[in-house]
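Thanks for coming. I have one structure to go through today, so please have a look at it before I start.

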Amino acid sequence: MGKYSTIFLVIVIGLIGFGYFQVTGTPWGKTAFANQVEDYIQRKYPSVNITKQTVSYSFKGMAYHSTVILNEGITIELREYDERIIDNYYVAKWEAKVTKEIDLFIKGNVNSNASAKLIIDAANSDIEPYNNLSSFKEVNKYIQGKSKFFVYLSEDVLNEEALKEGLAVIRWVEEKGYTSNLVFFVNKKPVIIIESDQIKSISSPEDLKKFNMKFSDDGN
């Protein structure tokens, strides 16, 4: 291989490597961010420990992102934003706690093949001021309109049994005071969406069926 061929090959390899790291981030950059995340968590949440951390890089955002599993059993997300680290610890904590609560109710009292989870569309800073509150009912007062339940019904179609399951979940949400929007799924497709202010108008499976989305495949 001639001198110029070697130089050309080195340049090509260098460009390929540069392009690759532009898309995936550098190994040393990921290590540095992982260390920053560890220091950040130790300072902000001294009572928790990291069980596992996975660092990735967003080419679109040109920033590192970390998924961290804590010893509490919850998973939080941290990312770079405006030269600082932001996280979703309090959001993830309440999502995990209430998801476990509603899922236990559904599997024990409704149908073991059904499930649900809480989604909170709020920033960590929206919830942090109320982190000392012990009930989601109290926390939810301050994030009205930013929480919703995804409920996965056990049936393959939106039949009478599925509607009964949905009604049982609605009653549970209402009794707990966890006023939120609800989205019901059949075969992973959304079939019913209930706004929080519509909950009180639903007292029977027939009432719930009125909210059936027209594009859903309910088999009727």
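First, the conventions. This is a predicted model, where local features need pLDDT of at least 70, side-chain atom pairs count only at pLDDT 80 or more, and totals for chains, interfaces and linings use all residues. Residues are numbered from 1 along each chain as its sequence is written, and side-chain values use heavy atoms, with hydrogens and water left out.

Helices (H or I, at least four residues) and strands (E, at least two) are DSSP runs, numbered from the N terminus. Two strands pair if DSSP finds at least two bridges between them.

Now the sheet with antiparallel pairing. It is open, has 4 strands, and the order is S1-S2-S3-S4. Strand S1 (50-58) and strand S4 (84-87) are at the edges with a single partner strand each, so one side of each has no neighbour in the sheet. From one strand to the next the twist averages 25°; angles here run from 0 to 180 degrees between N-to-C directions, and axes are lines fitted to C-alpha atoms, for helices over the stretch in contact. S1 and strand S2 (residues 63-70) run antiparallel and are joined by 8 bridges. Isoleucine 50 stands opposite leucine 70 in S2.

The other sheet is also open. Its 4 strands are ordered S5-S6-S7-S8, and the pairing is mixed. Strand S5 (115-120) and strand S8 (189-194) are the edge strands, each pairing on one side only. Here the twist averages 20° from one strand to the next. Strand S6 (residues 147-152) pairs with strand S7 (residues 181-186) in the parallel sense, over 5 bridges. Valine 151 has phenylalanine 184 in S7 as its bridge partner.

On to the helices. Helix H3 (residues 89-109) lies across S5 and S6, at about 160° to S5. Helix H6 (residues 160-176) packs on the sheet and touches S6, S7 and S8, with its direction at about 155° to that of S7. Contact means heavy atoms within 4.5 Å.

How do H3 and H6 pack, and at what angle? The angle is about 135°, and the axes are 11 Å apart. That makes H3 oblique to H6; under 35 degrees counts as roughly parallel, over 145 as roughly antiparallel, 65 to 115 as roughly perpendicular, and the rest as oblique. The contact is made by Glu101, Ile102, Phe105 and Ile106 of H3 with Ala168, Val169, Trp172, Val173 and Lys176 of H6.
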